Every structure is written in structure tokens, then in C-alpha cells.
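Reader: Hi! Could you show me the model and walk me through its side-chain contacts?

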Amino acid sequence: MQERLLMRERRNRLIRWLIIAVSVMILFPLYYPSPWSPKTAVRQTLEGMALPSDTIEVVSMIQTGSMYSVLFYDEEHELYHHFFMDRPFGVLWRNSGGGGGYTFDPNEILKMSWGGQREDDNWYSYAVDQVNDPRIRTLTVEWSDGVKQSMQPIKGLYHFARVFGKDEKAAAVLLAYDAEGKLIYRLDENQPAIRKQ
């Protein structure tokens with residue numbers, strides 16, 4: 001008798017959890033369409049901006065605290081997009097802000113764009129833009145608190161991101177180095193771009 005009650009309770013608990021899981025899988029996409037990958041999660045946003053969304057690919061993803069800074073590239077249309085995303089339930093993707101439709105300017109050798117957004121009492125900061133000089137092999141960003149991050153350009157782009165506390169000042173300096181490690185460009189808020197002469 002006791003065993004039957006225990007089995008019935010386990011079965012009922014399993015059925016309840018299955019109903020909850022199915023409900024989440026059905027209802028969540030109604031509020032956040034296509035949350036199954038970063039690409040599909042931003043598709044609606046790009047379409048709302050009258051931008052193509054079928055040909056984008058993720059070229060860089062950086063986890064910053066509880067958010068992901070994601071850089072998308074559209075080779076067919078020569079556009080790049082940057083969005084912050086989070087992952088509800090650790091599986092699904094949700095767009096949490098950003099922008100798109102950035103084009104390459106052939107007259108700019110190197111450009112520095114940086115910004116961020118406030119979320120959960122933190123400042124999620126990023127630096128992203130184009131690299132148009134084949135001599136540039138490594139880029140380093142020096143954040144206002146002294147932290148440095150380095151990377152090699154990806155498809156003519158660079159991408160850095162990190163999280164700051166609510167009282168920290170977020171600013172950045174971008175340094176570009178050649179193959180021998182020699183500094184060839186330095187960009188900051190006073191000089192945000194190097195243009196061809």
C-alpha cells in the first residue's frame with residue numbers, strides 16, 4: 001500500500017514537471033521569438049530595423065558577467081552588428097540591446113567605437129569597429145581601470161567587452177600593433193579614428 005502511494009506520488013510529480021517544461025517551451029517563444037541561437041534571437045530586431053537577417057553569422061562572443069557581447073557579421077551586405085544578449089534558463093537566447101547596420105568605410109584605417117548599457121546595477125561596456133590596415137596584427141584595449149585585453153582582427157573587425165560595477169568609470173584606449181609588436185596607432189576619445197590621407 002505504502003509503495004503504491006509512493007509510486008503514484010512520483011508519477012504525479014513527473015507529470016507536473018513535464019507540464020511545466022512543455023509550458024515553458026511553448027510560452028517563452030511567444031514572448032521572445034526564436035530564442036534557440038544568438039542569430040535567430042536578433043533576427044526580429046534586425047528586420048524591425050529594415051536590415052537583412054538571413055546572412056548574418058556570429059564572429060565573436062564574449063561573456064561579460066551575466067551577459068554575452070555578440071558581434072555579428074553579414075559578409076553579403078558588408079554590415080556588422082553588435083548586441084548584448086542573455087541566456088534565460090541557460091539554454092535560450094534573448095536580445096538585451098545593441099545596434100546594427102554598421103558599414104565599412106574604406107577611408108578609415110582604424111576606428112574606435114565604444115559604449116555600453118546598464119543592467120542589474122552593472123555597466124556592460126564594449127569596444128567594436130573596423131580594422132582596415134593589413135599591418136595591424138594585434139589590437140589591445142586598455143580600460144580605465146587598467147585592465148588590458150588583446151585580440152587579432154576578425155574579418156576586418158575587432159571586439160572587446162567587459163562588465164564594470166555601477167560606480168566604476170568605463171573608458172577605453174585602443175592600441176594597434178604590427179607583426180613585430182610595434183605600436184602603430186593609438187585611439188582614444190580625443191582621436192577616435194585614423195583616416196587615409
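Author: Happy to; below we chat about strands, aromatic rings and charged pairs in this predicted model.

Reader: Switching to rings. How many aromatic pairs does a search of the whole structure find?

Author: It finds nine aromatic pairs. One of them is Tyr68 with Trp93: the ring centres are 5.1 Å apart and the planes are at 65 degrees, so this pair is edge-to-face. The cut-off for that label is planes over 60 degrees apart.

Reader: Nice. Where do Tyr68 and Trp93 lie?

Author: Tyr68 is in strand 2 (residues 67-74), while Trp93 is in the loop between strand 3 (79-86) and strand 4 (94-103), so the pair ties together parts that are 25 residues apart in sequence.

Reader: Are those two buried or exposed?

Author: Tyr68 is buried, with a relative accessible area of 16%. Trp93 also counts as buried, at 7% relative accessibility.

Reader: What about Phe72 and Phe83, how are their rings arranged?

Author: Their centres are 6.1 Å apart and their planes are at 70 degrees, so that pair is edge-to-face. Phe72 belongs to strand 2 and Phe83 to strand 3, so the contact ties together parts that are eleven residues apart in sequence. Both Phe72 and Phe83 are buried.

Reader: Which residues do ring pairs link into a cluster?

Author: That cluster holds Tyr73, Tyr80, Tyr102 and Phe104.

Reader: And which residue lies over the face of Phe164?

Author: Arg162 does, at 4.3 Å from the ring centre. Arg162 is also among the residues that Thr64 touches, along with Phe84, Tyr124, Ala161 and Val163, leaving out residues up to four places away in sequence. Thr64 itself is in strand 1 (residues 57-64) and counts as buried at 3% relative accessibility.

Reader: Okay, charges now. What is the salt bridge count?

Author: The count comes to ten salt bridges. Asp86 and Arg94 form one of them, with an N to O distance of 2.6 Å. Asp86 is buried at a relative accessible area of 11%, whereas Arg94 is partly exposed at 24%. Salt bridges that share partners also join Asp105, Glu108 and Arg195 into one network.

Reader: How far apart are the closest N and O atoms of Arg13 and Glu9?

Author: They are 3.0 Å apart, in a salt bridge. Because Arg13 and Glu9 are four residues apart in helix 1 (residues 2-31), about one helical turn separates them. Arg13 is partly exposed, with a relative accessible area of 38%, and Glu9 is partly exposed as well, at 43%.

Reader: One last thing: which distant parts of the chain does the pair of Lys155 and Glu57 link?

Author: Their side chains meet in a salt bridge at 3.8 Å, N to O. Lys155 sits in the loop between strand 9 and strand 10 (157-165) and Glu57 in strand 1, 98 residues apart. Lys155 counts as partly exposed at 42% relative accessibility, and Glu57 as partly exposed at 32%.

Definitions and conventions
Residues numbered from 1 in each chain as written. Predicted model: local features only at pLDDT ≥ 70, side-chain atom pairs only at ≥ 80, totals over all residues. Heavy atoms only, no water. Helix = DSSP H or I, 4+ residues; strand = E, 2+ residues; numbered from the N terminus. Buried < 20%, exposed > 50% of the residue type's maximum accessible area, 1.4 Å probe, protein only. Contact = heavy atoms within 4.5 Å. Phe/Tyr/Trp six-rings, centres within 6.5 Å; stacked < 30°, edge-to-face > 60°. Lys NZ or Arg CZ within 6 Å of the ring centre and 35° of its normal. Salt bridge = Lys/Arg side-chain N within 4 Å of Asp/Glu carboxyl O.
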